[in-house]
Amino acid sequence: MVLFNSIEFLFRFIPVFLVLYYVTPARFRDWTLLAGSAVFYVVGTGYLSLVLLALIPLNWLLGRAIYQSRNVRNSALHNHAFVAAVLLDAGTLVAFKILGAAGYSAYVPLGISFFIFKMIAYQADLLQQRMDEMPSLLHTALYFSVFTQVTQGPIMRYEDGNFENTRRVDLKGVTDGLFFFILGLSMKVLLADRLAILWNDLVKIGYESLSTPLAWLGAYAYSLRLYMDFWGYSLMASGLGMMIGFKFVINFLHPYSGRGIADFYRRWHSSLGAWFRDYLYIPLGGSRGGALKTIRNLLIVWAATGFWHGVTPNFMIWSGVLVCMIIWEKYALGPLKKSGTAFLRAVDAVLERLHVLVLIPITWVIFAVTDLSQLRLYMERMFPFFVQGRNVNPADYIKYLTMYWPFLLCSVLFCLPVTYRLLVRYRRSLPVVIAVTGLFWVCVYFILITKSNAFMYFNF
Amino acid sequence: MRKFLRRIFQNMGLPIMLAASVIILTAVGFAGRNTIYAPYAEEYEGYPPFLAVIGAVHDRIWPWQLVMGGGKDQEMEAEEEETPSEEEIPVPGEELVQNDSAVEIPPLDNSFEGPVDGPMPEGICNEVMQAEDYGVASLSFLSTAETEYNTDTEGMFARNGRYFKLRAVDSSYFADALFIGDSRTVGLCEYGGMKGKANFLAKESVNVYNILDTELRYTNTDGDSWGTYMEDVLRDGHYRKVYMCLGVNELGIGTTHMYYEKYRELVEMIRENQPDAIIYIEGIMHVSKRYSSSDSARNNTVIVQRNEAIATLANGYDIFYIDMNPYVCEENGDLISDLTGDGIHLKASAYENWDRSLFENAIVRDHSDYSGEEEPVFGQEEEESGT
């Protein structure tokens, strides 16, 4: 039921919940939402919900200690409470990450990475007095556990939840929320899940036997699949949020139109990127302490990002490559950008585009293949200069292009900002309304005939 | 008024449209709940009735068949009968006894209780079988000495009749062979050494239940390939050897007995259309330990049961059971993990093992089967039976 693309969620949980939510008088809706979230989470993760249940009051108590001592100069309590809260939350996350890495992933509570990040953000925002008043226990619990975000984010900020004011559910919000939800569902079910089959076929063939064009096709198909999967999820989550009365949370801002890797990651999973920026990079000093300190801070942030995604060495390589490229962009290409000559600026612009369109797909392969020896085989096929493949069918890519080009093409179209913008602009026009309704039923069809496909970010 | 409606649509177009489609589909589902949607209503019990309407589309049952009449209904019912649903979990042990045909098939003795981690049952696929030892694959299916067979597709390994030893051949043997199968055979066609030396008729995800209705891909020895149906190929072509490798997509669908019955029908159909072909029943290749232990319906225990069942279709004369598992499995019967990426299929680089099992385990009855360099060796018992 915890998958937004499961029939249990679509045809049992959500209709029942929404009806109950809408008939509840506005001032009691927080309770309906909390009860719905509790049902959702307990069904999803069983007795492991106790972890979240325990962390909510503890964080609230520590947060209140921080809040109450806010005006006391040099208050020991103020800092100690914050340190205690961070140790508690981060310690819990690290402990469960290690447990999961040790093969006990069945004992890791659902969505722990995401609600722990919210908890740390909550404490830091209280410490830095970004909140006007102390949140009530009810609102705190809602913020951490709201079912639209508890499994995979987005990592909303407490302030953006606007919990203190009564949420207004208006028809426009419901309509738009429904639009984003179905759009996201279509990306997930009709594109990401189809492209997933292509990747499974590469695994089936064995990386050592891929033709070089197929290895590259696989890298791009995986990149598109991950994008459609996670952006699709995020749109669904934000759409559901709108239907309940929250504002739209942006998690993806057309990353593939980004200029350079740093820009890509400002746009990709931006609620996570912003979290690392605000609660790790800037507290470490950000980029204000000179080049060496900036590089140190970047290395720390990306080491943490790598660890957060997984403890296998491929994630360290992945984040290592990215941080090197970000440093290279900042200190080697940065001066080009600022230089007066148009030629150098053009060189910089071309390089930055190449980073996004060529290098990023390669890094996604590193991200995807967790076994290093397998990763090496894949890389040898992408760059076949030293090693010959084994039993390669040189025309294999034609077969897969013939089979998958419609899905690849649609996904590429979604990489262009204009597609999404046009859809959003004309979302209320009759043709789009009819098309979106039709898409919904096509999605339902595919959900019924295929076995459940979990979202990729469920693993993190 | 018009302006008002326009504003309503502006604000609520999508919910209205969605609600309207829900109402229509619900009405359709409700109207057909006892006729065309009956089986689906059962499948999606506890969900809104429109799911049955959507689910039925997969079986090409469209809402307008509600009004267009009954002929379709009967057709569908017949189909329903033939195609077992996934919910029917195999009940080993009993299923083959229920068979009331002339052949007496003893019950399977290994009971099935979820995934297995232990060793495979004794005698299965541990080594390549010699012709006279076919029965080792499935001792429980051996017929007793005086059993008489009424048709060609009945019977066991024909211990008391003529039979032939498996022997090694070169690739020329396969020039008049047809390989029929699912995604595994597609892989053999694309990555095996037989590419361009044999004919293939295969398609991803086909099984014994749907293979006759599915458009398959035919690839001939010139490497040309086109879509066609099994019936047409068997009717129009002429093959001296027909290899059949089906069974992995059936795991989790139907019982072993249903699988066996369908398999037998297919073998009979091949026999009828290709009277002088050697029919090879290829045992289902096992899956990896990791895959086998993660799935209660698709594991090596069930595969072994099913192989035992289809092995009984061999008659040791023109229908043979061959098994590639010794070439790709560990001693305990699990598919060697280095040979597979997904646990079910051989990697491209591992198809040579399947090739080898085919090259080393062929039947040669006379020169028209194979005119390789070596003289064909005839089974000893054949000479005896002649005396």
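In this predicted model, 29 residues of chain A are in contact with 24 residues of chain B. Chain A itself is divided into domain 1 (7–167) and domain 2 (174–459). In chain B, the points below follow strand β7 (residues 278–282).

**Where chain A touches chain B**
- On chain A, the elements that give two or more residues to the side touching chain B are α1 (7–23), α8 (171–205) and α18 (430–449).
- By class, this side of chain A has 17 nonpolar, seven polar and five charged residues.

**The two domains of chain A**
- The centres of domain 1 and domain 2 of chain A, taken over C-alpha atoms, are separated by 27 Å.
- Between these domains, 22 residues of domain 1 are in contact with 24 residues of domain 2.
- Two or more residues each come from α1, α4 (76–101), α5 (112–127) and α7 (158–161) of chain A on the domain 1 side, and α5(A) gives the most, with five residues.
- That side of domain 1 has twelve nonpolar, seven polar and three charged residues.

**Strand β7 of chain B**
- Five of the five residues of β7(B) are buried, so the strand is largely enclosed by the rest of the structure.
- B:Ile278, B:Tyr280 and B:Glu282 point one way from β7(B), while B:Ile279 and B:Ile281 point the other way.
- β7(B) pairs in the parallel sense with strand β6 (residues 241–245) of chain B over four bridges, and B:Tyr280 is the bridge partner of B:Tyr243.
- Four bridges also join β7(B) to strand β8 (residues 319–322) of chain B, again in parallel, with B:Tyr321 as the bridge partner of B:Ile281.
- A right-handed β-α-β unit is made by β6(B), helix α8 (residues 256–273) of chain B and β7(B).

Conventions: Residues are numbered from 1 along each chain as its sequence is written. Chains are lettered from A and ligands numbered from 1 in the order in which they are written. This is a predicted model: local features need pLDDT of at least 70, side-chain atom pairs count only at pLDDT 80 or more; totals for chains, interfaces and linings use all residues. Two residues are in contact if their C-beta atoms, placed from the backbone, lie within 7 Å. Ala, Val, Leu, Ile, Met, Phe, Trp, Tyr, Cys and Pro count as nonpolar, Asp, Glu, Lys and Arg as charged, and the others, Gly among them, as polar. Domain bounds come from an automatic or database domain assignment. A residue is buried if 20 or more other C-beta atoms lie within 10 Å of its own, exposed if 12 or fewer, and partly exposed in between; C-beta atoms are placed from the backbone. Two strands pair if DSSP finds at least two bridges between them. A crossover is right-handed if, with the strands pointing away from the viewer, the path from the first strand over the helix to the second runs clockwise.
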